[in-house]
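Work through the exercises below with the model open. Try each task before reading its solution.

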Amino acid sequence: MLARLSPDVRQYLLITGNYWAFTLTDGALRMLVVLHFHELGYSPLQVALLFLFYEIFGVITNLVGGWLGARIGLNRTMNIGLALQVVALSMLLVPAAWLTVVWVMAAQALSGIAKDLNKMSAKSSIKLLVPGDQQGMLFRWVAALTGSKNALKGIGFFLGGALLTWVGFAPAVAIMAGALLVVWLLSLALLKRDLGKAKSKPKFRDILSKSRAINLLSAARLFLFGARDVWFVVALPVFLATQLGWDFWKIGGFLAVWVIGYGIVQSFAPYFTGKRSGRLPDGRAAFGWAAILAVVPAVMALLMAQGQSAQVVLITGLLIFGVLFAINSSLHSYLIVSYATEDGVSLDVGFYYMANALGRLTGTVLSGWVFQVAGIGACLVISALMVTAAALISIALPRHKKEVFESAK
């Protein structure tokens, strides 16, 4: 079936398949670690610290990985990411007594490197597979890749909670490692070998972006993702378990449905942000959607402070937040690929996702610490402030007078 498709579409499907497989294990692993180590008696801050190296090495990987992808090709960086994830999963198969905080943090560090090599490679590759004059098609392809990835991440959350209940921690990790090993071997055989390699070898100093637009978008991305993770990563699942008495199945299932819905909305983001009016999104759109999003966590925090039902506020607010956040995220993902230069695209995309990882790092640490000190209401207040910062930065992003979607391309 693949042989009958055009080479570019075939490569797009292979890249998307790699990204899907990786994301499934990444989402499942995160849920396994949060719930398993919380069950072992770890505090919210300790659980957050398990992901500290995951996020720190994500920051480093996106900077260095973009440079590496431009030098050796995006197929190689994607395959390196898949292999490292297999190693990271294997590290968690040691006897339970060896699963110390330091060991798990080291495994998560490898997983963080793997995840961001994989993501940077996938997002950068799309730029090279779409003609430069077809920006509408670029937006749709990026939205489809990003949205489908997040839907799979949601299924991964559910899978993690389900496997933890069905077979336990170690067998669940072994199943995922074996499946990803098969994907890695297929990727080695099928993925185009010179994808994304720059015509001129970039120097290491080129990892820092010289584009004002990319620097601004990266700063907005940092605050946007910090605003999500400050209450979603640790505070929310621990609150649902300890304060509302939800079991692992219910927590994993609920978060899975949220992320799947979030991914579906991302896939259709072009219809919300300009396609119906025939316009491509720009800095004005990024500001407007972020400003709307900032209202949601602020209202949630206010309602909870007034004594409204925490369960109703969190479930309703999370659904609204998910729709708006998905549109914001997809819009950003299009803008970075659009802003990036074609030769050495991974350098610009890597720098941008470095900021993304730095936002996740900040949000993850704050999620554990602020929740432990002041509760989930304080996490929501900080989330609102961070989205507001993203909106204010977006005011300075470039605006275009009129760039239209290609008709039905």
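**Exercise 1. Find the residues that form one aromatic cluster.**

Solution. The cluster consists of Phe225, Trp231, Phe321 and Phe325. Keep in mind that this is a predicted model.

**Exercise 2. Count the aromatic pairs, then describe the pair of Phe37 and Phe169.**

Step 1. Centres within 6.5 Å make a pair. By this rule the count comes to 11 aromatic pairs.

Step 2. Take Phe37 and Phe169. Their ring centres lie 6.1 Å apart, and the planes stand at 85°. An angle over 60 degrees counts as edge-to-face, so Phe37 and Phe169 are an edge-to-face pair.

Step 3. Phe37 belongs to helix α1 (residues 7–39), Phe169 to helix α7 (residues 169–190). The pair therefore ties together parts that are 132 residues apart in sequence.

Step 4. Check burial, with the cut-off at under 20% relative accessible area. Phe37 has 1% relative accessibility, so Phe37 counts as buried. Phe169 has 7%, so Phe169 counts as buried too.

**Exercise 3. Describe the pair of Trp231 and Phe321, and say which helices it ties together.**

Step 1. The geometry is edge-to-face: 5.3 Å centre to centre, with 85° between the planes.

Step 2. Trp231 sits in helix α8 (residues 212–232) and Phe321 in helix α13 (residues 310–339). The pair thus ties together parts that are 90 residues apart in sequence.

Step 3. Trp231 has a relative accessible area of 0%, so Trp231 is buried. Phe321 is buried as well, because its relative accessible area is 0%.

Step 4. Return to the cluster: Trp231 and Phe321 are among its members.

**Exercise 4. Over which rings does Arg30 lie?**

Step 1. Start with Phe51. The charged end of Arg30 sits over this ring, 4.4 Å from its centre.

Step 2. Go on to Tyr54. Arg30 lies over the face of this ring, at 5.0 Å from the ring centre.

**Exercise 5. Is Asp116 buried or exposed, and what does Asp116 touch?**

Step 1. Locate the residue. Asp116 is in helix α5 (residues 101–129).

Step 2. Its relative accessibility is 0%, so Asp116 counts as buried.

Step 3. List the contacts, leaving out residues up to four places away in sequence. Asp116 touches Gly58, Thr61, Asn62, Ala357 and Arg360.

Step 4. Look at Arg360 again. The side chains of Asp116 and Arg360 are joined by a polar contact of 3.4 Å.

Notes:
Residues numbered from 1 in each chain as written. Predicted model: local features only at pLDDT ≥ 70, side-chain atom pairs only at ≥ 80, totals over all residues. Heavy atoms only, no water. Helix = DSSP H or I, 4+ residues; strand = E, 2+ residues; numbered from the N terminus. Buried < 20%, exposed > 50% of the residue type's maximum accessible area, 1.4 Å probe, protein only. Polar contact = N/O pair within 3.5 Å; in protein donor to acceptor, adjacent residues only side chain to side chain. Contact = heavy atoms within 4.5 Å. Phe/Tyr/Trp six-rings, centres within 6.5 Å; stacked < 30°, edge-to-face > 60°. Lys NZ or Arg CZ within 6 Å of the ring centre and 35° of its normal.
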